[in-house]
Amino acid sequence: MDVDTAIKDRRTIGVFSERPVAPEVVEELIEAARWAPNHKHTEPWRFHVVSGQAREEMCEAILAGGGEFAKDPRGKLMRSPSFIAVTQQAVLDDPIRDREDYAAVCCAVQNMMLAATSRGLASKWSTGALAENSAAKRWLGIGEHDRIVAYLYIGYPPEDMREMPAERRPAEVVWRG
């Protein structure tokens, strides 16, 4: 699949079959992420692949960690056979670099989603309260100031999944000169 087709075919799909994604395919997605643009070649991303029983272990750690996440995280963390928590190392002494690194990690996640689409996988990028959860950060082994930029859920779409329409409004473009 060429890149233009992957861009236009990519959809956020939050329903997955139980069929696991092979580790070598996950590694291919991470390899695609590594080629994201990043200012000064900081490569600020870290990838935490969570699958199988480890998903339940993370849920238990979050529930035991206190009241930051009001509802049971199983509905999210168990939705796909695997997910990748994509994190950014914080840059506390340089807010400009911190913002640039955050943007680079976002680009890395998009690369992963496009690579997933080209391989027939479904994906969903999720953030919200779970991305701010200190128990989740501890379980993943990241610093309290580091960011969970994405919970990237990946898997195969269910066999009965209908194709979603490809509609977007026209872009607002301002030309000068």
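This is a short walk through one chain, from its overall layout to a few of its residues.

The model is a predicted one, so please keep that in mind throughout. I will start with the layout. The secondary structure of the chain comes to six helices and four strands. Read from the N terminus, the order of elements is α-α-β-α-α-β-α-β-α-β. Along its principal axes, the C-alpha trace spans about 55 × 50 × 30 Å.

Next, some totals. Of the 177 residues, 41% count as buried. The chain exposes about 10600 Å², and carbon and sulfur atoms supply 51% of that area. If we take contacts between residues at least 6 apart in sequence, 77% of them join residues at least 24 apart.

Leu29 is worth a look on its own. Leaving aside neighbours within four places in sequence, Leu29 is in contact with Met112, Ala115, Ala116, Arg119, Leu121 and Ile154.

Arg119, from that list, brings us to the charged pairs. The structure holds seven salt bridges. One of them joins Arg119 to Glu28, with the closest N and O atoms 2.7 Å apart. This pair links distant parts of the chain: Arg119 sits in the loop between α5 and β3 (122–126), Glu28 sits in helix α2, and they are 91 residues apart.

A second salt bridge is formed by the side chains of Glu60 and Arg74, at 2.1 Å from N to O. Glu60 lies in helix α3 (residues 53–64) and Arg74 in helix α4 (residues 74–77), so this pair ties together parts that are 14 residues apart in sequence. Glu60 is partly exposed at 39%, and Arg74 is partly exposed at 24%. Arg74 forms a salt bridge with Asp72 as well, where the closest N and O atoms are 2.6 Å apart. Asp72 is partly exposed, with a relative accessible area of 41%. Through shared partners, salt bridges join Glu56, Glu60, Asp72 and Arg74 into one network.

My last stop is a histidine. Where does His48 lie? His48 is in strand β1, which covers residues 45–51. Its relative accessibility is 17%, and the cut-off for buried is under 20%, so His48 counts as buried. What does the side chain of His48 make a polar contact with? The partner is the side chain of Thr87, at 3.1 Å. Beyond its neighbours within four places in sequence, His48 is in contact with Phe83, Ile84, Ala85, Thr87, Leu140 and Ile142.

Notes:
Residues are numbered from 1 along each chain as its sequence is written. This is a predicted model: local features need pLDDT of at least 70, side-chain atom pairs count only at pLDDT 80 or more; totals for chains, interfaces and linings use all residues. Side-chain values use heavy atoms; hydrogens and water are left out. Helices (H or I, at least four residues) and strands (E, at least two) are DSSP runs, numbered from the N terminus. Buried means under 20% relative accessible area, exposed over 50%, partly exposed in between (1.4 Å probe, protein chains only). A polar contact is a pair of N or O atoms within 3.5 Å; within protein, one must be able to donate a hydrogen and the other to accept it, and residues adjacent in sequence count only if both atoms are side-chain atoms. Contact means heavy atoms within 4.5 Å. A salt bridge is a side-chain nitrogen of Lys or Arg within 4 Å of a carboxyl oxygen of Asp or Glu. Accessible areas come from the Shrake-Rupley method with a 1.4 Å probe; for residues, only the protein chains shown count as cover.
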